[in-house]
Amino acid sequence: MSSSSRMPSEYARRADSDLIDAIRKTKDRLGGEAAILGHHYQREAIVDLSDFVGDSFKLCRDAAQAAARHIVFCGVRFMAESARVVARPEQTVQHPDVSAGCPMANMAFIVQVEEIWKVLAERLAGRRIVPVTYMNSSVELKAFCGRSGGVVCTSSNASRVFDWAYSRGDVVFFFPDEHLGRNTGNARGTDPARIRVWDPMQGEAQAGDPSMAGAELILWKGFCHVHTFFTVDHVRRAREAHPDAFVIVHPECTEDVVRAADAAGSTEAIVRAVSEASPGAVIVIGTETHLVSRLANTHPDKTVLPLARSVCPNMQRITLANLLWSLENIGEYNIVEVEEEVARDARVALERMLQLA
Ligand code: SF4
């Protein structure tokens, strides 16, 4: 939820070098008043201009600790909403393009989750269900988890969050990414027969499936198209071309791709794996292409390659032009707002997540 305004078209006509120069000057003029938070999947120039760079977990923590009066969030909407929830009330959070959403976050709506929650509570009567939402979800789902004894997780801390959830209940209901949920369950040794998928398109009839009663992990049937693009065949071809390569993929990839890779890890874990690899190493990465290119550029002593080229177009909606426009109109346009009651409940779930870092 945010007030939106349209950027004047002359910004989009300016050359990148001119925009970069103007952004630097505007940042200097604003001094410590504004902080730019940039996600790893942003284009390289925006990452270079950002004061804080990270995955959604790190940026949420950075937003909670930022001293600046204004936060300009270069990422997608659910990240900017989370920053709004954890930032201090007197801070503003500005999103350079409010249309930069996440298709996966849009695969689960609060009305659907609340309905299914009631159905599961009846069907699994006597068993304690703990709702866990991925960071990549709307603020309303985070609020639902906050008021329902649940929590938020990211790919950085999903295992720890699952441990926390199972210490409080018998069943984890995880949304909206089936694959992160399944890969986390697999890594914890959850019996595959006790993992069920809830397809929101099929509705309540699924609750009648007898196997649902014995479920330990119920996964929402959602996915990230950027990461499900990768296939086992991509891994096979990478190994043929580079027999010594270390293949690491994001846990939003499908289960078979994660099994075929040498490792799976969050964006921050991938960045760390490249930094810690020995000079001369060949690392093949299954995640968003902009991060892979940047890692290749910043580690010229290693060979860093994409498993395949896969772009998140939504992340690329943040441009140098709308970043400059935001900075020149700091605290004025595209301010992210979250209803107080929703923010209060979402904060509970996000703070639980931050404590489980
Ligand atoms: S990479 Fe996937 S999960 Fe991340 S913002 Fe893009 S679509 Fe959403």
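Q: What makes up the shell around the ligand, in terms of nonpolar, polar and charged residues?
A: The shell divides into nine nonpolar residues, two polar and one charged; Ala, Val, Leu, Ile, Met, Phe, Trp, Tyr, Cys and Pro count as nonpolar, Asp, Glu, Lys and Arg as charged, and the others, Gly among them, as polar. This is a predicted model, where local features need pLDDT of at least 70, side-chain atom pairs count only at pLDDT 80 or more, and totals for chains, interfaces and linings use all residues. Residues are numbered from 1 along each chain as its sequence is written, and side-chain values use heavy atoms, leaving out hydrogens and water.

Q: Which residues surround the ligand?
A: Among them are Tyr-41, Asn-136, His-225, Glu-252 and Met-315, where a residue qualifies with a heavy atom within 4 Å of the molecule.

Q: Why is the ligand said to lie between domain 1 and domain 2?
A: Because domain 1 (9-101 + 315-338) and domain 2 (105-225) both give residues to its shell. The bounds come from an automatic or database domain assignment, which also lists domain 3 (230-306).

Q: How far apart are the C-alpha centres of domain 2 and domain 3?
A: They lie 28 Å apart. The contact (heavy atoms within 4.5 Å) takes 11 residues from domain 2 and 10 residues from domain 3.

Q: Why is Cys-60 called buried?
A: Its relative accessibility is 3%, and buried means under 20% relative accessible area, with exposed over 50% and partly exposed in between (1.4 Å probe, protein chains only). Cys-74, at 0%, is buried too.
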